[in-house]
Structures are given as C-alpha cells and as structure tokens.
Amino acid sequence: MDGFSTRAIRAASRSPRVDQRPTSVPIYQAVTFSSETTDELADVTNRRLPGYSYSRIANPTAEALGSAIAELEGAEAGFAAASGMAAVHLALLALVRAGDRIVCTRAVYGTTRALLTGTLARLGVTTDFIDPTNLRAVEAALAGAPARVLYLETISNPTLVVADVAALAEIGHRHGAAVVVDNTFATPYLCRPLELGADLVVESATKYIAGHSDVLAGAVAGREAAIDAVREAQVQTGATIAPFSAFLVLRGIATLAVRMDRHSATAAALAAWLTTERGVARVLYPGLPSHPDHAVAARQLASGGGMLAVELSGGATAGRAFIDALRIPERTASLGSIHTIVVHPPSTTHRQLDPAQLLEAGIAPGLVRISVGLEDLEDLRSDFARGLAAARAAVGEDGPAPGGW
Ligand SMILES: Cc1ncc(COP(=O)(O)O)c(C=O)c1O
C-alpha cells in the first residue's frame with residue numbers, strides 16, 4: 001500500500017465523475033491537466049489535439065468565456081484575457097511590429113493612449129491620433145502614410161463620441177489597415193462592430209459584461225487566425241485570466257441584456273431631465289437628439305447606453321461640489337456596474353492627458369462622467385438635484401467661480 005502522503009495527494013486530486021451537465025460552467029481551478037501518454041501531452045500542448053495541459057496555454061473556464069464572447073459579438077473565435085488592457089495590448093501585439101504605424105481615435109481611453117505613446121512607441125510603433133467623426137481627416141491620415149491598424153472605440157470615454165464604425169472600417173480597409181474596435185461602452189448587446197466591418201473587437205469585460213465591479217477581465221473576438229495570434233501573444237506575455245474571474249464574467253453575461261436595458265432606460269431619463277436643469281451647460285448622451293453623433297448612434301446602437309457626461313456651467317468648482325454632495329453614487333474610476341459611478345475624468349481616467357490634450361479631446365474642466373447604475377430612477381434624480389443645488393451654491397447662482405481641481 002502506498003504511503004499516507006501519496007494517498008492523500010491522489011485522494012485530494014480525484015475529480016468526481018459527473019454524468020449530468022452542470023447548468024453553470026465549472027471553475028476549473030487547476031493549472032495543470034494530466035495526459036494519458038507523453039505523445040498525448042505533446043499533441044495537446046502544441047494544440048495538435050484539443051485539450052488542456054497548462055492553464056496559461058488554455059483553461060476550460062477561460063475558453064468557455066472566450067467562446068461566449070465570440071458568439072455574442074458574431075465572431076469566428078474569441079479569447080478571454082486578464083483585463084481590458086490585456087485584451088487591448090494582446091490585440092495590438094498580434095497585429096503590429098517595429099516600424100508600423102497606428103491611426104487611433106483621439107478620444108481614446110487614457111491608458112490605451114499611454115500604451116500607444118509609451119510602451120508601443122518605445123518598441124518602434126508610432127501612433128497618430130485623429131477625430132473619428134471627421135471622416136475626411138481619417139482618410140487623409142490613412143492616405144498620408146501606410147498604417148497597420150485603425151483603432152477606434154464604439155463610444156468614447158468620457159465625451160461619448162460615437163464612431164461610425166461601418167464608414168471608418170470601409171476607409172481603413174481601403175488603405176490596408178486592420179480595424180480594431182474597443183466595444184466596452186456599448187457591449188455586444190448594443191453594437192456588434194464585426195458585423196459593421198471591423199476585424200477585431202476588444203472589450204473590457206470588467207465593465208458592463210461582468211457588470212458588478214468585482215472582477216477584472218477582457219476579451220478579443222474576430223477571425224480564427226487573428227485570435228490564434230492573440231492567444232500566442234498571451235501565452236508569451238502571461239496576461240491570463242483566472243478561472244474564477246472567467247466564471248464571474250460568464251455569470252454576468254447571462255443578465256447582460258436585462259441590465260443594459262435598465263442602464264439605458266434610466267440614463268435616457270436622467271439625461272433628458274438634466275438638460276432642463278439650471279447650472280448644466282451641456283449633457284452628452286448618444287440617445288439625446290442634441291448629441292453631435294445622434295444620427296450615427298441611432299443607426300448603430302440598439303439604445304443610448306448607460307453612460308452620460310454633464311458639463312457644469314460653474315466649471316471645476318461646480319463639478320467638485322456636485323460630486324461631493326451626492327449620496328448614492330460611488331466616487332470611483334470605473335463604469336458599467338450595478339452602482340452608479342460618478343467621476344471627474346481630467347483627474348482620474350484621463351490623468352495621462354496634459355491640458356492641451358484634454359482640450360483637444362473635448363474634456364472641459366467641469367465635465368462629470370456618470371455611469372448610470374441599476375438603482376431606482378427617482379432616487380438618482382433627487383440625488384442629482386441635490387448635487388446640482390450644491391454646485392450652484394458653490395459658484396453663486398449666476399455664474400462660474402474660478403478654481404481648479
Ligand atoms: C474603453 C475602455 N477600454 C479599456 C479599458 C481597460 O479595461 P480594464 O480596466 O479592464 O483593464 C477601460 C477601463 O476603464 C475602458 O474604459
């Protein structure tokens with residue numbers, strides 16, 4: 001008989017036989033998967049045979065998430081990664097090499113901009129930023145010099161610029177660029193960029209897709225060959241999603257449509273009401289007819305989504321007073337959650353931008369970004385009314401007061 005330790009290890013490692021299909025995807029909390037033979041292990045590790053050997057290469061729970069995202073985005077294949085930034089950098093690593101050029105929307109998430117102008121620039125990849133709503137400028141940027149990638153966001157953080165993905169994909173392809181779209185704000189429930197002509201879609205699943213502010217995750221979806229390159233980049237860089245994280249995202253996906261409907265309905269009601277309030281200079285919400293990109297949004301998005309931005313006429317002082325007076329929202333930097341989240345982009349999500357870049361991206365000092373959660377509309381409305389009263393009091397009823405953040 002084997003010794004105690006041998007028996008203990010074997011006893012604790014025996015997976016139960018399950019003949020009935022579990023109704024949720026099991027968390028395969030294992031790094032190693034054992035093969036019957038040396039040849040089988042070699043074949044599985046080199047992906048000549050389907051199967052698993054080591055979880056940085058492939059894990060069943062992570063693969064279930066990649067497949068689910070692919071199905072929802074209408075893609076041949078999908079790949080889940082450790083965070084949204086992991087997904088963004090894997091998608092780009094799979095496409096570019098030293099000497100390449102990227103043309104990117106200027107209203108891009110701050111850390112994506114930092115990746116492009118920092119890490120990728122150091123590795124010899126240059127980026128030019130364009131206004132995605134100016135199709136002529138995009139055409140000129142792509143015609144001016146070869147570009148490997150045209151990088152876009154369906155709805156841009158934080159000014160809610162809506163990119164005309166179909167038109168931009170056509171221009172990008174005409175100039176030989178692969179079109180990559182960050183679909184985080186829209187999710188595949190509101191928009192499917194691949195159906196509009198994009199080559200790769202990336203998501204921060206940390207946001208709406210998982211939806212509860214309790215897990216970091218990302219995903220890339222596209223054609224099989226492109227996702228193979230993304231997978232290879234991940235195997236080499238290690239941006240692997242944990243099985244428990246993949247499970248949490250899968251659980252979020254099941255209620256994505258219901259949550260997005262509620263986020264959108266509440267955001268639309270709040271946006272319409274905010275336009276009537278004193279002290280509000282501008283409300284940016286793609287579902288409002290006054291939004292500069294409303295026509296594109298109406299064509300491309302199933303609804304206006306859960307994100308809005310408010311420019312307070314009292315500038316930064318009013319913005320601070322507004323945020324600090326709120327009782328319900330969380331004062332934090334994320335979005336796409338059950339909680340309403342209110343943030344001041346210039347000092348948080350877009351801290352990497354200097355004042356000139358902030359101006360160029362349309363981010364005014366009094367801009368407040370609101371990720372509308374799933375709380376009751378009337379509670380949020382009365383809380384925002386309290387915030388606006390505090391903002392007006394901070395600057396005097398009649399106009400802005402000086403002050404910076
Ligand atoms: C549009 C967008 N893309 C990517 C990311 C990065 O996602 P993560 O925080 O999951 O790495 C974010 C994060 O806020 C984002 O807003």
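What follows is a short talk about a sheet, a ligand shell and a pair of helices.

Mentor: This is a predicted model, where local features need pLDDT of at least 70, side-chain atom pairs count only at pLDDT 80 or more, and totals for chains, interfaces and linings use all residues. Residues are numbered from 1 along each chain as its sequence is written.

Trainee: What makes β11 and β12 a pair?
Mentor: Strands are DSSP runs of E, at least two residues, and helices are runs of H or I, at least four, numbered from the N terminus. Two strands pair if DSSP finds at least two bridges between them. Strands β11 (341-343) and β12 (367-371) are joined by 3 bridges and run antiparallel, so they pass that test. Isoleucine 341 has serine 371 in β12 as its bridge partner.

Trainee: Why are β8 and β10 called edge strands?
Mentor: The open sheet has the order β8-β9-β12-β11-β10, with mixed pairing. Each of β8 (280-284) and β10 (330-331) pairs on one side only.

Trainee: What surrounds the ligand?
Mentor: There are 13 residues, the closest being Ser83, Gly84, Met85, Ser204 and Thr206. A residue counts as near if its C-beta atom, placed from the backbone, lies within 6 Å. Helix α4 (84-95) gives the most to this shell, with 3 residues.

Trainee: How do α13 and α15 cross?
Mentor: The axes of α13 (315-325) and α15 (377-395) come within 7 Å and cross at roughly 145 degrees. Axes are lines fitted to C-alpha atoms, for helices over the stretch in contact, with angles from 0 to 180 degrees between N-to-C directions.
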